[in-house]
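Let's take a walk through this model, one packing and pairing at a time. Have the structure open and follow along.

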Amino acid sequence: MSMVFCGIVPHPPIMVPEVGREESAKVEATQDALLELGRRIKASGAETLVMISPHGPVFGDAIGINVEERAAGDLARFGAPQVYMDEPADLELAAGIKSRGKDFRLLIVEVNDRLARNYPGRVSTEMDHGIVVPMYWIKRSGWEGRFLAVSIGLLPYHQLYSFGIAVRRAAEALGRKVALVASGDLSHRLTVDAPAGFSPRGKVFDAEIVRIFRENNLRAVFELSDDLCEEAGECGLRPIIMMLGALDGYQSRSEVLSYEGPFGVGYMVAGLEPGPKDERRAILADLLKVREEKVKVRRANESYLVRIARQTLENWVRGIDKRPDPGEVPPEFRRPAGVFVSVKKGGALRGCIGTVKPATPSIVEEVMENAVSAGARDPRFYPVRADELDELEYSVDVLGEPEKVDSLDDLDPKRYGVIVRGRGRSGLLLPDLEGIDTPEEQVRIAKEKAGLGPDDEVALERFTVTRYK
C-alpha cells in the first residue's frame, strides 16, 4: 500500500520554545509525542508528507492544495520569524490528487501566487501555523522528503472523507509512499479562561475523540452529534475526517501517543498504521446513506416557514419560475413583519438576508423574497448551486417591533437582537449568535456591519425574534 502512515497532530504555537518560552514546557508530553510521530513517519519510508490544516485558505465548496514549487512559512506573526519551513513540494502528487478527486465530483483548487494576488488578504501561499508548528517537531525527528499543504473545505463529511481516498489512489498510481497527517486541535472550551470560553461539553468531545482512537473504532467519528461538535469549538474534526478517507477499505491500527489541555485547548497526538485490505472497512457508501437519511429527517421535522424558504430557493436555483404553494397559511403568518432567512452548509453560514421593516403584505411572502436573496444575492457568497441544495439547512427569524434603549445595560445578546444607528447608517445583529456573549461585543459587530467606527456615537434599539427551524 502506498499510504504508509497517517496521523493527527495539534498546532499550538505556544509549544514551540521560540514562541512559548518557559510556557512551552507545560506541553512536554505533546512535544515528546510529536517527536515520536516524526520518527514513525521516517520509519514508514514516507517519501511525501501531506498535511491538512484548518487555518489555510478555506473554501466553501472546494479543498485547496498549495502548488507552489516550495512549501514555505514561518512563525513571524507569533514573534518567532526564525522558526520556518521550506520544503520541496510534490507537484506530481498534487496533480494526481486533483485528477482523482474528479471521481467523487470533488472540486480541488490549486493555491498559487496568482490566486493569492487575485484575493489579497483571503488567500496566501505562506504555510500557516497549523503546518509550521507540527512540522517544527517532525523535522527534528529526521524526516526528509517532499511536502504538500492542504486546506480544509466547508464540505459535507462524505466529500471530505473522499479526499483521503483520492490521496491514496493518487499515491498508488504514482507508486509513491505517502504519509497523510491531519493538523487540528480538539476543544477550545475546556476551561473558563479558554480561547473560546468554557463549555462542559468540551471535555466530553475530547474524551470521545481520544476513546475512538484508543479503541481503534474509527467509524465512531461519524456518530458524534452535530451539537456536541459545535459546542466543543474544535478545529480538528474536518482534517481528521479527510485523513481517515485514506484508510477506507483497509484495516489499520491507531494509537494515541498523548493528550493534554493545559491552556484550555485539547491537544492529541495519534498515529495510524495502515494494514491489509478489508472491504468491510469501506464506509463511503454508508456515509452517503447516512447523509440521505439526515436529509429526510431534517425535512420531515422542518417548520412551516422553513419549508417555504427551502422550497422557494430550490425552485429558484432549479430555474422553476414559480413559488411553492404555501397551502393553508397559519393565521400568525398572515400579518406583515420583518424577516431574516439564514442558510447554512456544514455548520457554516452560506447566506443570510433579511428585512427590519416588512416589504410585503405577509410574513410568508417576506420569507419567499428573502429566501431567494439569502441564497442568491448575499454579496459575501457565490449564489447557491443545484448540487448544494441537499446540504443546506435553513432557519427563519421573524422580528418583533424594535424599541429604543438607553444603554448597554438594556441589552442581552442571547435574548435581544440589536440595531445601531449613527451618521446616517445602521447595522443589525440577530440575537443568540455563537460566540457573541456580551452586549459590548454585539454592538461592536453591529457597528462594523454599519461601517461605523468603535468610538462612533450610536442610538441603540433592541428587538426580539421568533426563530423557526
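The contact (heavy atoms within 4.5 Å) involves Q31, L34, L35, G38 and I41 on α2, with W137, I138 and R140 on α5. By class, that makes five nonpolar residues, two polar and one charged. As for the geometry, α2 (residues 28-43) and α5 (residues 129-140) pack at about 60 degrees, and their axes are 7 Å apart.

A quick word on ground rules. This is a predicted model, where local features need pLDDT of at least 70 and side-chain atom pairs count only at pLDDT 80 or more, while totals for chains, interfaces and linings use all residues. Residues are numbered from 1 along each chain as its sequence is written, and side-chain values use heavy atoms, leaving out hydrogens and water.

Now for the strands, which pair if DSSP finds at least two bridges between them. Strand β10 (residues 267-277) pairs antiparallel with β1 (residues 3-9) over three bridges, and G7 has G271 in β10 as its bridge partner. β10 also pairs with β9 (residues 250-260), again antiparallel, over nine bridges. There, E260 sits opposite Y267. Six residues lie between the strands of this β9-β10 hairpin, and G264 takes a positive phi near 85 degrees.

Note on methods
Helices (H or I, at least four residues) and strands (E, at least two) are DSSP runs, numbered from the N terminus. Axes are lines fitted to C-alpha atoms, for helices over the stretch in contact, and angles run from 0 to 180 degrees between N-to-C directions. Ala, Val, Leu, Ile, Met, Phe, Trp, Tyr, Cys and Pro count as nonpolar, Asp, Glu, Lys and Arg as charged, and the others, Gly among them, as polar.
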